[in-house]
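Please keep the sequence and the structure in view while reading.

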Amino acid sequence: MKALLDFVILCRGMTTKDRIKLLLFALGLRPATSVYLCITPDNLKESFLFEHTLRMYKIIYLRGREKSFEEVKKIQHNKIVWDVTGLWIDYDLFHTVKQKEQFIQYRKLWQLDKERNKRNTIAGKLYDYPLCCITQYNKETPRYICKNVDSYAFYNRMHVIDKKFSLLSYAPCSLLCKNALSQQNHFATAIRNASLSFWNHLHEVDVYETDVIVESENDIIVDGKSIWKTKNGHDYIVLAVTPFHGKHWFYTVLSKKPYPVGTVLSATIKQYATYGEVLLGREKGYIKDLHHERNLPLLRREY
Ligand SMILES: [Zn+2]
């Protein structure tokens with residue numbers, strides 16, 4: 001699938017994480033995958049080129065309808081100003097008709113919000129996740145998490161997974177899961193052999209200094225309340241004030257110290273290919289009534 005591999009290397013409208021998924025699919029290491037393609041004035045022809053390439057190799061795919069997406073244009077006093085910048089399209093790819101049928105079965109259950117364990121197992125097998133990880137994922141209901149894991153440990157695990165299992169698109173059952181580790185290693189070897197330039201890109205790291213604004217906090221909410229009565233860790237979504245490659249980026253950062261939304265802190269960002277690591281510095285101030293301003297409604301999106 002040389003043309004599909006070339007598409008992965010040259011593509012500008014997919015996140016690195018999705019390019020990894022597509023590359024592994026093209027190498028035959030994943031039975032199915034799902035990716036998003038963002039179309040902006042800079043890469044108008046990419047959806048045509050992508051679909052042309054898929055058809056060339058007779059790859060079975062489902063294409064979602066275009067949806068608009070937006071980016072932060074500027075931060076002005078207490079306003080985060082957004083602008084619509086393009087469209088995104090979701091694609092589900094399969095090697096066989098049977099896989100497509102399994103996906104449709106999963107999607108139906110998901111849309112009806114029925115049979116959580118059954119549908120997770122269908123999807124897990126379809127995407128080739130290890131059985132131990134699927135079983136653990138099914139176990140992790142909000143009630144289970146609340147009983148067994150404190151908020152710091154829960155979010156810390158997510159951050160470690162981002163780093164240690166960067167080539168996977170699921171949460172392993174444990175940080176020592178042998179099946180997940182062997183998949184990560186197997187994928188690493190395959191990617192390195194398929195494209196050294198893409199492999200090198202995955203290991204690039206940029207460091208930049210910026211102030212960040214605490215925008216919101218990740219949480220697991222049941223009946224309008226956090227599942228944790230007290231929290232020993234807060235997983236914040238922060239917005240970088242200084243643009244990096246021309247854009248304001250959002251990051252997640254885990255903190256033992258609580259900060260109200262609107263807090264401004266200095267930070268060092270280590271930008272890896274698939275995630276960003278934030279090292280918070282000193283508290284610099286507070287923005288009152290921080291809010292978002294959108295000039296256009298998003299097409300086919302609710303928020
Ligand atoms: Zn596992």
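The sections below describe a predicted model.

## Domains and their contact

The domain assignment of the protein chain gives two segments, domain 1 at 131-203 and domain 2 at 205-294. Their C-alpha centres are 22 Å apart. To the contact between them, domain 1 contributes 13 residues and domain 2 contributes 14 residues.

On the side of domain 1 that touches domain 2, the elements giving two or more residues are helix 7 (142-148), helix 8 (151-164) and helix 10 (196-202). Helix 8 supplies the largest share of that side, with six residues.

## Nonpolar cores

The largest nonpolar core holds 31 residues, of which L22, L23, A32, L37 and L126 touch the most other members. Several elements give two or more residues to this core, including helix 1 (2-10), helix 2 (16-26), strand 1 (32-39), strand 4 (79-94) and helix 9 (178-194). Helix 2 provides the largest share of the core, six residues.

With neighbours within four places in sequence left aside, L126 is in contact with P31, A32, Q99, Q102, F103 and Y106. There is also a second, separate core of 12 residues, and I213, L265, I269 and V278 are among its members.

## Strand pairing around strand 4

Strand 4 pairs with strand 1 in the antiparallel sense through eight bridges; within this pairing, I39 has L87 of strand 4 as its bridge partner. Strand 2 (residues 60-63) is likewise antiparallel to strand 4, over four bridges, and L62 stands opposite D92.

Nine bridges connect strand 3 (residues 67-76) to strand 4 in the antiparallel sense, with F69 opposite G86. Strand 3 and strand 4 form a hairpin with two residues between them, and H77 in the turn has a positive phi of about 50 degrees. Strand 12 (residues 291-294), by contrast, runs parallel to strand 4 and is joined to strand 4 by four bridges; in this pairing V81 stands opposite E293.

An open sheet is formed by five strands in the order 9-8-5-10-11, with antiparallel pairing. Strand 9 (250-255) and strand 11 (276-286) each have a single partner strand, so these edge strands are left without a neighbour on one side. From one strand to the next, the twist averages 40 degrees.

Strand 10 (residues 263-272) and strand 11 run antiparallel and are joined by eight bridges. L265, named above as a member of the second core, has E283 in strand 11 as its bridge partner. Helix 8 lies across strand 5 (205-218), strand 8 (234-240) and strand 9, and runs at about 135 degrees to strand 9.

## The loop residue L175

L175 is located in the loop between helix 8 and helix 9. Is L175 buried or partly exposed? L175 has 13 other C-beta atoms within 10 Å; a residue counts as buried at 20 or more and as exposed at 12 or fewer, so L175 is partly exposed.

Apart from neighbours within four places in sequence, L175 is in contact with R157, V160 and K164. Y152 lies 23 residues from L175 along the chain, and the C-alpha atoms of the two are separated by 15 Å.

Note on methods: Residues numbered from 1 in each chain as written. Predicted model: local features only at pLDDT ≥ 70, side-chain atom pairs only at ≥ 80, totals over all residues. Domains from an automatic or database assignment. Contact = placed C-beta atoms within 7 Å. Core = buried A, V, L, I, M, F, W, Y, C linked by C-beta atoms within 7 Å. Pairing = 2+ DSSP bridges. Axes fitted to C-alpha atoms, helices over the stretch in contact; angles between N-to-C directions.
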